[in-house]
Amino acid sequence: MTVLVTGGAGYIGGHMVLALLDAGEKAIVLDDLSTGFRSAVWPPAKLIVGDFGDMALVETIFREHKIDAIAHFAAKIVVPESVADPLRYYLNNTTKARNLLECAVRHKIKHFIFSSTAAVYGEPEVNPVGETVPLAPINPYGRSKLMTEWMLRDAGQAYGLKYAILRYFNVAGADPKGRLGQSTPQATHLIKVAVQTALGFRPGLEVFGADYPTRDGTCIRDYIQVTDLVAAHLMALDYLRKGGESLICNCGYGKGFSVFEVIDVVKQVSGVDFNVRISGRRAGDAATLVSGPERIKSVLGWTPRYDDLPAIVSQALDWERRLHNKSNAENWRLTNSAVR
Ligand code: UFG
């Protein structure tokens with residue numbers, strides 16, 4: 001059986017493909033390469049370049065391959081961008097997901113693993129946050145994902161589709177074997193931005209708000225290492241294949257770090273004291289989001305392997321250096337071929 005991985009040329013989807021291949025599974029990637037990279041898709045996974053909302057294309061894929069599960073990663077994921085352009089988020093994360101779901105139901109795909117987000121909780125009253133608290137997203141990104149959660153729940157009830165909704169907290173780090181990492185040059189995520197600054201690829205780092213009701217005034221997040229995260233997806237798939245009931249799980253470690261604490265760790269691990277400037281709050285940010293990780297441990301038996309912020313930062317630094325060396329090598333090749 002084969003798993004269709006939408007967004008499998010992206011950061012988290014690419015790590016999922018690696019995990020599937022490592023586990024001896026077959027993977028087909030559907031990605032429009034709008035933010036993903038061809039090079040992120042490791043062989044023998046097959047890459048189909050296209051839009052996951054294109055029903056004719058998805059149906060052809062289902063007809064031509066024996067797919068028993070979809071791992072749906074493809075999405076727009078930047079919170080402030082969703083505030084500035086909400087309809088783009090509802091199109092990508094909600095409308096197109098509906099199309100994918102319809103194809104899945106029509107072709108009797110048995111299992112659906114959905115990348116959801118801690119953003120569905122909005123500004124929770126209590127942290128760590130469990131899966132059963134009221135859902136009240138505070139930005140279009142969170143709402144666009146929550147609507148897809150609702151569609152899945154309804155499709156599950158109506159058509160018997162079994163799903164796992166995984167609500168990611170803040171994903172960071174890179175493949176411990178150095179095969180993959182976060183490659184988007186304009187990524188906005190804190191650890192990525194901080195390591196790029198430490199390595200001198202950005203002039204400084206802006207802290208978006210130091211007046212939040214937290215221990216040092218900056219936002220607190222739960223940073224989960226990407227290999228640990230995709231391991232949870234494989235466990236969820238195994239659980240569903242063995243007949244488990246549909247499931248909603250937080251994916252995080254249950255520990256929060258403030259923006260200042262993350263910056264300190266990046267400075268310590270890199271040995272570079274870079275420029276930091278405090279600016280105003282960013283639209284759509286919650287003060288604190290920390291996962292209550294009990295369910296994922298008890299239902300799936302998930303145990304984190306890389307729950308260590310300095311190690312996560314170190315992986316991110318290694319990957320960033322590797323990306324930089326690779327792009328230097330490519331520039332060198334281009335220059336030399338132009339000379340010849
Ligand atoms: N931050 C800065 N400066 C930066 C980048 C980020 O101060 O240059 C701050 C943000 O304001 C926020 C924190 O660092 O307080 C984390 O921001 P990220 O952009 O790294 O991540 P978000 O928390 O906004 O969002 C991420 C994912 C979402 C997910 C969410 C859940 O992108 O998909 O985590 O917590 F929903």
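Predicted model: local features only at pLDDT ≥ 70, side-chain atom pairs only at ≥ 80, totals over all residues.
View 1. Residues are numbered from 1 along each chain as its sequence is written, and side-chain values use heavy atoms, with hydrogens and water left out. S115 belongs to strand β5, residues 111-117; helices (H or I, at least four residues) and strands (E, at least two) are DSSP runs numbered from the N terminus. The side chains of S115 and Y168 are joined by a polar contact of 2.7 Å, that is, a pair of N or O atoms within 3.5 Å, of which, within protein, one must be able to donate a hydrogen and the other to accept it, and residues adjacent in sequence count only if both atoms are side-chain atoms. With neighbours within four places in sequence left aside, S115 is in contact (heavy atoms within 4.5 Å) with H72, F73, K145, L166 and Y168.

View 2. The ligand is surrounded by 20 residues, the closest being T117, N170, E206, R282 and D285; a residue is near a molecule if one of its heavy atoms lies within 4 Å of it. A polar backbone atom of E206 is 2.7 Å from a nitrogen atom of the ligand. Of the 680 Å² of accessible area that the ligand has on its own, the protein covers 94%, with areas from the Shrake-Rupley method and a 1.4 Å probe. Two or more residues of the shell come from each of α6 (190-198) and β8 (205-208), and β8 gives the largest share, three residues.

**View 3. Helix α6 and the residue G200.** Helix α6 is mostly covered, with nine of its nine residues buried; among them are L190, K192, Q196 and T197. Just after α6, G200 takes a positive phi of about 85°.

**View 4. The aromatic pair of Y253 and W302.** Three aromatic pairs are found in a search of the whole structure, where rings of Phe, Tyr and Trp (its six-membered ring) pair if their centres lie within 6.5 Å, and planes under 30 degrees apart count as stacked, over 60 as edge-to-face and the rest as tilted. Y253 and W302 form a stacked pair, at 6.2 Å centre to centre and with 10° between the planes. This pair links distant parts of the chain, 49 residues apart, with Y253 in the loop between β11 (247-251) and β12 (257-258) and W302 in the loop between α9 (294-300) and α10 (309-339). Both Y253 and W302 are buried.

**View 5. N139 and E125 in the loop between β5 and α5.** N139 is placed in the loop between β5 and α5 (140-159), and E125 lies in the loop between β5 and α5. N139 is buried, with a relative accessible area of 2%, whereas E125 is exposed, with a relative accessible area of 85%. The side chain of N139 reaches the backbone oxygen of G284 at 2.9 Å.

Conventions. Buried < 20%, exposed > 50% of the residue type's maximum accessible area, 1.4 Å probe, protein only.
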